[in-house]
Amino acid sequence: MEIQSLDLREQRCPMALLLAKRACASLKQGQQIALYITDSGALKDIPRYLEKSGFEFECQPVQGATVINVTKL
């Protein structure tokens, strides 16, 4: 199964958070998405949202950005 990705490196909060919420909400159980983020506000807000909403996620630094790999439980 191919993992979807969403490039939010050009987006700043709150738009990055809104787009991430929308993308994560469209996932079906067990599906994954990789979020590419550079904005410091988004790096705080998106993991907080994912934790509260019951998603499993992992953050990894990659070439000047952070990738958040999200799985819908």
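The legends below describe close-up views of one predicted model. Residues are numbered from 1 along each chain as its sequence is written. In this predicted model, local features need pLDDT of at least 70 and side-chain atom pairs count only at pLDDT 80 or more, while totals for chains, interfaces and linings use all residues; side-chain values use heavy atoms, with hydrogens and water left out.

**View 1. An open sheet of four strands has mixed pairing.** The strand order is S1-S2-S4-S3. Strands (E, at least two residues) and helices (H or I, at least four) are DSSP runs, numbered from the N terminus. Two strands pair if DSSP finds at least two bridges between them. S1 (4-7) and S3 (55-62) are the edge strands, each pairing on one side only. Neighbouring strands are turned by 20° against each other on average, direction ignored. Axes are lines fitted to C-alpha atoms, for helices over the stretch in contact; angles run from 0 to 180 degrees between N-to-C directions.

**View 2. S1 and S2 run parallel, whereas S3 and S4 pair in the antiparallel sense.** Four bridges join S1 to S2. Asp7 has Tyr36 in S2 as its bridge partner. Eight bridges link S3 and S4 (residues 65-72). Glu56 stands opposite Thr71 in S4.

View 3. Contact means heavy atoms within 4.5 Å.

**View 4. S1, H1 and S2 make a right-handed β-α-β unit.** Right-handed means that, with the strands pointing away from the viewer, the path from the first strand over the helix to the second runs clockwise.

**View 5. Tyr49 and Phe55 form a tilted aromatic pair.** A search of the whole structure finds one such pair. The rings lie 6.2 Å apart, centre to centre, with 40° between the planes. Rings of Phe, Tyr and Trp (its six-membered ring) pair if their centres lie within 6.5 Å; planes under 30 degrees apart count as stacked, over 60 as edge-to-face and the rest as tilted. Tyr49 and Phe55 are both buried. Buried means under 20% relative accessible area, exposed over 50%, partly exposed in between (1.4 Å probe, protein chains only).

**View 6. Thr66 sits in strand S4.** Thr66 is buried because its relative accessible area is 17%. Among the residues that Thr66 touches are Leu35, Leu43 and Cys59, not counting residues up to four places away in sequence.
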